[in-house]
Amino acid sequence: MNNQREHAHNWLGGRCEKGLYIRVYNIKSKHRYDREHVLIAEKILGRKLPFKACVHHVSDNKYDNTNSNLVICQDGSYHALLHARKRALLESGNANYRKCCYCHKYDSIENMYRGKIGNGWHRKCRNKYNKEKQFQTTR
């Protein structure tokens, strides 16, 4: 009964594109398709991924699951940092720059202020925004 799926006319070898990722039929967990890049990372690591860990695709191509394209991130915040640094590098030429949440221009962290959430801004940009907002509410 288990090998019926292999003989089905539409059997694709246990691989399918579901959502954004390639999923592979996992024999160990019955009747379940797992993300291929996670299975590859776990195989390289030699064990299951830690609870909050996630896998990052370096080339941003979610179908390229080669070893050289995968990075295991300790958690989602580190994964988000990789994406932010890559965007900064592509748009400004410097991975250490951050984007002002008011003027949307990249600049050095030393020239910006940061809130609790992590959004950075130039003081001039924030003052200009607050003056415009105050002007609109008094009209």
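Me: Is Glu 42 buried or exposed in this structure?
Reply: Happy to start there, and do keep in mind that this is a predicted model. The relative accessibility of Glu 42 is 14%. Buried means under 20%, so Glu 42 counts as buried.

Me: How many salt bridges does the count come to?
Reply: One of them joins Arg 32 and Asp 34, at 2.8 Å from N to O. Another is formed by Asp 60 and Lys 86. By the rule of a nitrogen within 4 Å of a carboxyl oxygen, the count comes to 3.

Me: How many residues apart are Asp 60 and Lys 86?
Reply: These two form a salt bridge, with their closest N and O atoms 3.2 Å apart. Asp 60 is in the loop between β4 and β5, while Lys 86 is in helix α3, so the pair links distant parts of the chain.

Me: What is the arrangement of the aromatic pair Tyr 25 and Tyr 33?
Reply: A pair of aromatic rings is described by the distance of the centres and the angle of the planes. For Tyr 25 and Tyr 33 the values are 5.4 Å and 70°. Planes over 60 degrees apart count as edge-to-face, so this pair is edge-to-face.

Me: Where is Tyr 129, which forms an aromatic pair with Tyr 102?
Reply: The rings of Tyr 102 and Tyr 129 are tilted, with 5.1 Å centre to centre and 40° between the planes. Tyr 102 is in the loop between β6 and β7, 27 residues apart from its partner. Tyr 129 is in helix α4.

Me: Which residue lies over the face of Trp 121?
Reply: Here the contact is a charge over a ring. The distance from the ring centre is 4.3 Å, and the cut-off is within 6 Å. The residue over the face of Trp 121 is Arg 126.

Definitions and conventions
Residues are numbered from 1 along each chain as its sequence is written. This is a predicted model: local features need pLDDT of at least 70, side-chain atom pairs count only at pLDDT 80 or more; totals for chains, interfaces and linings use all residues. Side-chain values use heavy atoms; hydrogens and water are left out. A salt bridge is a side-chain nitrogen of Lys or Arg within 4 Å of a carboxyl oxygen of Asp or Glu. Buried means under 20% relative accessible area, exposed over 50%, partly exposed in between (1.4 Å probe, protein chains only). Helices (H or I, at least four residues) and strands (E, at least two) are DSSP runs, numbered from the N terminus. Rings of Phe, Tyr and Trp (its six-membered ring) pair if their centres lie within 6.5 Å; planes under 30 degrees apart count as stacked, over 60 as edge-to-face and the rest as tilted. A charge sits over a ring if NZ of Lys or CZ of Arg is within 6 Å of the ring centre and within 35 degrees of the ring normal.
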